[in-house]
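User: Please examine the model shown below and answer a series of questions on its sheet, its helix packing and its charged pairs.

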Amino acid sequence: MKVEQKKLEKSQIEITFELTAEEFIEHYGHSLEHMKHHVKVDGFREGKAPASMVEEKIKPEMLLMEAGDHAVKHVYFDYIKENNLEPIGDPEVQIIKIAKGSEFIFKAKITLLPEIELPDYKEIASKIKAKDVSVDEKEIEDTLNYLQKTRAKFTAKNDVAEKKDFIDLIYQSKELQDNKEFEDKFILGEAGFMKGFEDNIVGMKENEEKTFKIIVSEDFADKGLAGKEMEFHVKLKSVQKMELPEINDEFAKGLGAFDGLVALKESMKEGMTAEKKEAEKQRVRGEFLEKIAEKTKVEIPEVMINYEAGNLLEDLKNRISQNKKITFEQYLATVKQTEEQLKETYKKEAEKRIKGFLVLKEIGKQEKVEISDKEVEEEIEKATKNYSKDDLSKIDINQFKEYTKGVLYNEKVFQILENFSSK
């Protein structure tokens with residue numbers, strides 16, 4: 001077999017494969033053997049008829065295409081593996097010559113992971129430092145107050161709504177999804193609605209309806225509404241008085257295996273400190289990637305960006321689907337964009353993610369990071385120890401292994417960067 005590899009622009013290569021007639025006949029034979037089980041020949045059980053009789057029953061062009069497909073798959077993938085190439089997606093295959101008893105020639109155009117030129121990542125990492133984290137008394141008190149509210153007792157109230165009452169409310173506005181009705185339940189005065197909204201609810205009674213206008217503040221998060229006058233129509237479905245339990249030793253014991261309030265606070269502080277440390281670790285890792293990627297030279301192929309942007313779009317569709325309050329089509333109408341326009345907006349984020357992936361991969365290569373099969377198996381065992389047999393049967397184990405290997409690889413690379421940072 002002759003193979004010729006030609007380098008193209010934008011991280012693409014074109015490989016021409018030329019199999020001899022003798023080499024191609026082997027693939028022809030494999031295809032004929034495969035098709036024997038799908039062709040009925042009178043007088044023979046399925047798959048037992050002689051190859052020559054089966055061949056007579058099959059259209060020559062169909063058998064040739066089956067043989068060509070078999071040859072392409074095996075020859076292409078063997079070449080990729082032997083030459084340690086890292087293609088992105090499937091190849092563009094073009095059959096140049098195919099005939100029984102003749103040589104078989106085809107071309108495969110593929111996009112490879114791009115070449116990448118890293119900056120001095122050790123120097124960059126050494127200048128990035130983690131900040132000290134701490135948990136103060138106010139944070140603990142705020143969390144205690146939240147827990148207190150989750151254990152509140154509610155009783156129906158026949159009087160007007162006041163701040164700190166728990167209410168069930170239906171509201172709508174022409175400025176919000178074409179006057180769509182929304183229902184919400186919250187503690188009056190603590191829901192964080194736009195300024196002035198909750199003040200208009202104070203004094204209303206159960207089943208009362210009201211229309212009012214407010215001016216949205218200029219610093220409102222939705223810049224499309226900031227500074228506008230909005231008219232709301234609301235209906236107060238219910239009002240409940242909220243009775244909060246006293247925060248004391250008995251309250252603490254009711255939350256778990258705590259001797260009292262002091263033990264609960266210590267446990268909370270420990271857990272909150274651990275969460276802050278983890279958040280700071282992720283912040284530092286994000287800064288590693290951002291600072292190294294800024295000075296990294298790489299030309300990312302468009303196919304990679306489109307693929308990742310597509311993944312981001314699918315993630316959005318899934319989140320909207322799980323939410324079930326709105327369809328994807330309704331979401332598009334709300335943001336006034338087509339699906340393609342929305343995908344375009346994801347391209348910048350897609351490029352950032354890909355660059356981060358390539359940076360980690362190249363640093364790992366330079367630092368000779370390796371992940372053993374044993375490490376992967378141990379991690380999978382740890383991750384699935386509480387899975388049922390039914391859950392395990394739904395997992396694509398090969399895909400899960402590749403994912404786990406990638407996670408372990410990135411973790412090792414980040415640990416290397418953290419070591420440079422701590423010096």
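Analyst: A salt bridge is taken here as a side-chain nitrogen of Lys or Arg within 4 Å of a carboxyl oxygen of Asp or Glu. This is a predicted model, in which local features need pLDDT of at least 70, side-chain atom pairs count only at pLDDT 80 or more, and totals for chains, interfaces and linings use all residues. Residues are numbered from 1 along each chain as its sequence is written, and side-chain values use heavy atoms, with hydrogens and water left out.

User: How far apart are the closest N and O atoms of Arg285 and Glu411?

Analyst: Arg285 belongs to helix H7 and Glu411 to helix H14 (residues 397–422), so the pair links parts of the chain 126 residues apart; helices (H or I, at least four residues) and strands (E, at least two) are DSSP runs, numbered from the N terminus. Arg285 and Glu411 form a salt bridge, and their closest N and O atoms lie at a separation of 2.8 Å.

User: Which residues are joined with Glu280 into one network of salt bridges?

Analyst: The whole structure contains 37 salt bridges. Some of these share partners, and through them Glu280 is joined into one network with Arg283, Glu287 and Lys291.

User: What is the relative accessibility of Glu14, the salt-bridge partner of Lys6?

Analyst: Lys6 and Glu14 form a salt bridge with their closest N and O atoms 3.8 Å apart. Lys6 is partly exposed, having a relative accessible area of 43%. Glu14 counts as buried because its relative accessibility is 16%.

User: With which residue does Glu115 form a salt bridge?

Analyst: Glu115 lies in the loop between strand S4 (104–112) and strand S5 (116–117), and its partner is in strand S1 (residues 2–7), 108 residues away. Both members of the pair are exposed. With the closest N and O atoms 3.7 Å apart, the partner of Glu115 is Lys7.

User: What is the order of the strands in the open sheet of four strands?

Analyst: Two strands pair if DSSP finds at least two bridges between them. S1 and strand S3 (87–97) are the edge strands, each pairing on one side only. With antiparallel pairing, the order is S1-S2-S4-S3.

User: Which residue in S4 stands opposite Ile15?

Analyst: Strands of a sheet pair through backbone hydrogen bonds, either parallel or antiparallel. Ile15 in S2 is the bridge partner of Gln5. In S4, the residue opposite Ile15 is Ala108.

User: How many of the nine residues of S4 are buried?

Analyst: Helix H3 (residues 60–82) lies across S1, S2, S3 and S4 and runs at about 45° to S4; contact means heavy atoms within 4.5 Å. Axes are lines fitted to C-alpha atoms, for helices over the stretch in contact, and angles run from 0 to 180 degrees between N-to-C directions. S4 is largely enclosed by the rest of the structure because the number of its nine residues that are buried is seven.

User: Where is Lys10 located?

Analyst: Most residues other than glycine have a negative phi, and most peptide bonds are trans. Lys10 has a positive phi, near 60°. Lys10 is exposed, with a relative accessible area of 55%. Its place is in the loop between S1 and S2.

User: How is H5 oriented relative to H7: roughly parallel or roughly perpendicular?

Analyst: The axes of helix H5 (residues 137–150) and helix H7 (residues 261–294) come within 10 Å and cross at roughly 110°. Angles under 35 degrees count as roughly parallel, over 145 as roughly antiparallel, 65 to 115 as roughly perpendicular and the rest as oblique. H5 is therefore, relative to H7, roughly perpendicular.

Conventions: Buried < 20%, exposed > 50% of the residue type's maximum accessible area, 1.4 Å probe, protein only.
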